[in-house]
Amino acid sequence: MHNRLKVERAEHDYTQEDLAKLIGVSRQTINSIEKNRYVPSTVLALKLSVLFKKNVNELFILEEGD
């Protein structure tokens, strides 16, 4: 799965720490999601979509083979 989290975060001028605090996770979680090492839970994906005012499938894109 590919994600646009780093792009969205940069467009909103958030650091990883800022974003982590806003949604209640660690900075390491944000880092892992951005580097595609961690697939967020449904709840976390929804929190991010609400924060960025984007559909979940605009932030997280399934790739062939996922």
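1. The side chains of E34 and R9 form a polar contact at 2.5 Å (a pair of N or O atoms within 3.5 Å, one able to donate a hydrogen and the other to accept it; residues adjacent in sequence count only if both atoms are side-chain atoms). E34 belongs to helix α3 and is buried, with a relative accessible area of 13%. Buried means under 20% relative accessible area, exposed over 50%, and partly exposed in between, with a 1.4 Å probe and protein chains only.

2. The model is predicted: local features need pLDDT of at least 70, side-chain atom pairs count only at pLDDT 80 or more, and totals for chains, interfaces and linings use all residues. Residues are numbered from 1 along each chain as its sequence is written, and side-chain values use heavy atoms, without hydrogens and water.

3. Helix α4 spans residues 42-52, and its buried residues are L44, A45, L48, S49 and F52. Seen down the helix axis, these buried residues fall within an arc of 140 degrees, so they line one face of α4; the arc is that of the directions from the axis to the C-beta atoms. The face turned away carries the exposed residues T42, V43 and V50. Helices (H or I, at least four residues) and strands (E, at least two) are DSSP runs, numbered from the N terminus.

4. The structure holds 1 aromatic pair. The ring centres of Y14 and F52 are 6.2 Å apart and their planes lie at 45 degrees, so the pair is tilted (rings of Phe, Tyr and Trp, its six-membered ring, pair with centres within 6.5 Å; planes under 30 degrees apart are stacked, over 60 edge-to-face, the rest tilted). Y14 is partly exposed at 23% relative accessible area, whereas F52 is buried at 3%.
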